[in-house]
Amino acid sequence: MTRALVVDDSQFMRTVIGNALADAGYDVETAANGREALETVDGFEPDVVTMDVKMPEMDGIEAVERIMTTDPVPILMLSAYTEEGAEATFDALESGAVDFLRKPDGSGSRNIGHLASEVIEKVTELANADVSSLAVARTAAAANATAAVRADRAAASGPDSGGSVAARSDAGPGDGPSKAESAGPQSRSNWRPDPDSSDSSADRAPVTVDGRPEDGDAPTIVVGASTGGPRIVERLFERLPAALEASVLVVQHMPAAFTGRFADRLDAAGEYAVREATDGDRVGPGEAVVAPGDAHLEVTGDVGRSIGLSLTDDDHVHGVRPSIDVTMQSVADRVSRPLCGVVLSGMGQDGAAGIEALDAAGGYTIAQDETTSPVFGIPCQAIKTGCIDEIAPADEIVDGIVDACTVDAVDAVDENTGGDP
């Protein structure tokens with residue numbers, strides 16, 4: 001029987017969520033705070049954990065960090081939406097939690113019964129998922145914990161002690177599924193993360209652009225992600241260089257109340273100006289937009305140096321809105337400049353048809369590899385189409401984007417001279 005641990009300081013929430021999971025066939029234990037969760041994880045060995053964010057004694061963020069350091073397990077955060085709660089939720093995802101759900105706040109039709117049903121659906125997804133990147137998440141959590149310890153030591157020893165704080169580490173690269181026997185996608189790396197190491201700040205710096213844009217036009221990049229995707233998207237924006245002058249569209253499956261805050265985090269992460277998309281918006285070189293939760297993001301036209309956008313409330317696709325497929329297909333149909341499609345960690349098949357459309361339009365396509373994907377469903381389904389050009393670990397994806405969207409000086413000379421000296 002699949003084991004689930006429910007962690008919440010509210011007896012009511014523990015009872016409702018615990019009973020719902022038990023009725024769905026799970027073996028359930030509960031804990032009232034993060035400290036109790038650590039003790040229960042050690043003996044109960046759950047297959048999946050639901051975790052409240054704000055709790056006494058030890059909050060959900062610290063509990064996630066410690067659990068992912070010692071006993072990696074898929075963790076689903078349950079968050080009450082407030083500005084503080086949204087930020088804390090993203091911090092928990094940064095520490096290794098795989099996904100989150102918003103607790104009902106009484107302001108709409110969504111109630112505790114809806115939450116219980118959503119928890120069962122998400123827990124089932126996570127319990128059945130091949131979460132093969134949990135070891136990588138453990139490395140990230142260990143690096144975060146190490147950074148905190150070093151910060152405390154540096155503060156204790158004073159500013160002249162020479163102490164330094166290790167940069168936070170994210171999923172290290174690893175090899176993905178093998179390249180197809182004939183004309184299949186390339187795989188970038190066989191390197192594996194050292195659990196005792198963390199990324200340097202240089203590894204987080206924007207990638208250098210040595211060439212010029214392919215065909216002389218600024219590229220359009222579409223990034224699609226779901227479960228496990230937010231922290232990977234954030235890392236992507238840390239390394240995406242403004243010199244590429246790309247227009248970027250991000251479709252991340254996420255509740256509507258959180259996508260605006262997610263866009264703010266991406267804006268702060270790197271060199272691109274990022275905002276939540278609005279109906280009638282336009283996005284130009286060096287800018288990025290995030291599809292709002294509960295709206296499909298479509299391209300209406302490609303005029304001059306900017307791309308027109310619209311938001312629709314059309315039916316859900318693959319059970320989700322926004323849909324990666326909807327955005328990618330509209331880009332393939334209506335954008336004439338160089339295209340690049342990227343699919344990252346997530347459950348389901350959203351994005352596979354979009355990748356096929358971008359490939360048919362001449363775009364370059366990249367899928368995150370299995371080793372660094374918290375959930376490999378979306379990349380796997382895209383790879384199965386045979387339309388993926390490159391399979392890359394999380395921290396090599398931006399390199400792939402830049403290589404695909406630029407032509408180096410030698411190639412440019414060859415194009416202009418026909419290869420003659």
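Predicted model: local features only at pLDDT ≥ 70, side-chain atom pairs only at ≥ 80, totals over all residues.
Residues are numbered from 1 along each chain as its sequence is written, and side-chain values use heavy atoms, with hydrogens and water left out. Local features need pLDDT of at least 70 and side-chain atom pairs count only at pLDDT 80 or more, while totals for chains, interfaces and linings use all residues.

Helices (H or I, at least four residues) and strands (E, at least two) are DSSP runs, numbered from the N terminus. Two strands pair if DSSP finds at least two bridges between them. Three strands form an open sheet in the order β11-β14-β13, with antiparallel pairing. Its edge strands, β11 (282-283) and β13 (296-303), each pair on one side only. Seven bridges join β13 to β14 (residues 306-312). V299 has L309 in β14 as its bridge partner.

Strand β8 (residues 220-225) runs parallel to β9, joined by six bridges. A225 has Q252 in β9 as its bridge partner. Burial was assigned by relative accessible area: buried means under 20%, exposed over 50%, and partly exposed in between (1.4 Å probe, protein chains only). In β9 (residues 247-252), six of six residues are buried. S247, L249 and V251 point one way from β9, and V248, V250 and Q252 the other way. Helix α13 (residues 397-405) is also mostly covered, with seven of its nine residues buried. Among them are I397, D399 and C405.

The structure holds 19 salt bridges; each is a side-chain nitrogen of Lys or Arg within 4 Å of a carboxyl oxygen of Asp or Glu. R261 and E87 meet in one of these (2.4 Å, N to O). R261 lies in helix α9 (residues 256-269) and E87 in helix α4 (residues 83-94), so the pair ties together parts 174 residues apart in sequence. R261 is partly exposed, at 23% relative accessibility. E87 is partly exposed, at 23% relative accessibility. Both belong to a salt-bridge network that also links D91, E234, D264 and R265.

R337 and D302 form another salt bridge (2.3 Å, N to O). R337 lies in the loop between α10 (324-334) and β15 (339-343) and D302 in β13, so this pair ties together parts 35 residues apart in sequence. R337 is buried, at 9% relative accessibility. D302 is partly exposed, at 21%. D281 forms a salt bridge with R275, the closest N and O atoms being 3.0 Å apart. D281 is buried, at 12% relative accessibility, and R275 is partly exposed, at 28%.
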